[in-house]
Amino acid sequence: MKIDILSDLHFDNYFYNKYTNDDVVKFYSQFIDFNNCGDVLVIAGDLGHNNNQNIKILKILKQFYKNIVCVLGNHDYYLTGKENKSLFKGSYERVDNMRALINKVEGMYCLDGDIVEIDGIKFGGANGWYNEGFLQVNYPHKFFQKYSTNIMWQNCTPDYKNILEIENFDDIYEIEKPKIEKVYKDCDVMITHVNPCAKKEYLPFKYQNPSSTFFCFDGEEYFKNGNMQYWIFGHNHNVIEYEEFNVKCICNPLGYHKESGNGQWTKIKQIEV
């Protein structure tokens, strides 16, 4: 099976009020070879801020793929703009709606602590989230109070003000952890939005400081005890590949305009499982 990998598509950064099917295909043809698509497109979170736009564009991409498998990311929780605030009472309601819209489409799967098997390959996934793992791994002799970490979180990311119903930086991690534990032993390909390794060398250089705790979690136990061949993630907006305990980990983000590839578009990453 051939699997195409992308993350951090941020649809609303590229498409506004008026756009057509052809506009979307033309844009993505800059980095997807639609004549040589994989059997499955994996999207590791951050579709965009508008659910209706997200599902519309996913359906256009689905024309070229037998299956699309995805998880959601931190931006998919954001409750910004008049439309979102009129439609949803909170961020979790918006996430539930997005997941339901995707799962209604034949051949499209938004994973939430579950596994889908396609042609004998098992894809497991959950949104995932960040925790204090980076601090514990890289600053083992320094104690970080939760209060001070929350202050750092508020200064480093807009998640705290754009996601309703959370008070602490790791609130969503506590929700997502059981979902990861439910599937990681039984899948061939694991998907989360957030980097599952807290080692400095597997994060972009600009994030190799305490604020990196908001870009990863410590998933070493999952690498050691799981059976996955690949772990696909996003969130960092940098192309990252590494191997940990024989698991090949891949981040292949689009990000914002020409952000992740030093002024060049990120090309689709294709693997064979």
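Before the first entry, a definition: helices (H or I, at least four residues) and strands (E, at least two) are DSSP runs, numbered from the N terminus. I also noted that this is a predicted model, in which local features need pLDDT of at least 70 and side-chain atom pairs count only at pLDDT 80 or more, while totals for chains, interfaces and linings use all residues. Residues are numbered from 1 along each chain as its sequence is written, and side-chain values use heavy atoms, with hydrogens and water left out.

**Entry 1: Glu176**

I looked up Glu176 and found it in helix α8 (residues 171-183). Is Glu176 buried or exposed? Its relative accessible area is 1%, so I put it down as buried (buried is under 20% relative accessible area, exposed over 50%, partly exposed in between, with a 1.4 Å probe and protein chains only). Next I asked what Glu176 is in contact with, leaving aside neighbours within four places in sequence. My list reads Tyr77, Asp112, Ala126, Asn127, Gly128 and Trp129, where contact means heavy atoms within 4.5 Å.

**Entry 2: Lys224**

Lys224 sits in helix α9 (residues 220-225). I noted a relative accessible area of 49% for Lys224, so it is partly exposed. I also checked Lys224 against Glu132: they are 92 residues apart along the chain, and their C-alpha atoms are separated by 19 Å.

**Entry 3: α2 with its neighbours**

I took α2 (residues 51-62) and α4 (residues 91-103) together; their axes come within 10 Å and cross at roughly 20 degrees. For my own reference, axes are lines fitted to C-alpha atoms, for helices over the stretch in contact, and angles run from 0 to 180 degrees between N-to-C directions. That angle makes α2 roughly parallel to α4 (under 35 degrees is roughly parallel, over 145 roughly antiparallel, 65 to 115 roughly perpendicular and the rest oblique). On the α2 side I found Asn51, Asn54, Ile55 and Leu58, which meet Arg94, Asn97, Met98, Leu101 and Ile102 in α4.

Then I turned to α1 (residues 21-28), whose axis comes within 10 Å of that of α2 and crosses it at roughly 70 degrees. This makes α1 roughly perpendicular to α2. Asn21, Val24, Val25 and Tyr28 of α1 make the contact with Ile57, Ile60 and Leu61 of α2.

**Entry 4: aromatic rings**

A pair of aromatic rings is described by the distance of the centres and the angle of the planes. My rule was that rings of Phe, Tyr and Trp (its six-membered ring) pair if their centres lie within 6.5 Å, with planes under 30 degrees apart stacked, over 60 edge-to-face and the rest tilted. How many aromatic pairs does this give? The count comes to 22. I picked out Tyr130 and Phe214, an edge-to-face pair at 5.7 Å centre to centre with 70 degrees between the planes. The two are 84 residues apart, with Tyr130 in the loop between β6 (121-125) and α5 (133-138) and Phe214 in the loop between β7 (189-191) and α9. Both Tyr130 and Phe214 are buried. I also wrote down a cluster linked by ring pairs: Phe11, Tyr14, Phe15, Tyr19, Phe27, Tyr28 and Phe31.

**Entry 5: the loop between β9 and β10**

Most residues other than glycine have a negative phi. Phe245, in the loop between β9 (240-244) and β10 (247-251), has a positive phi near 50 degrees. Phe245 counts as partly exposed at 40% relative accessibility. Asn246 lies in the loop between β9 and β10 and has a positive phi of about 65 degrees. At 66% relative accessibility, I noted Asn246 as exposed.
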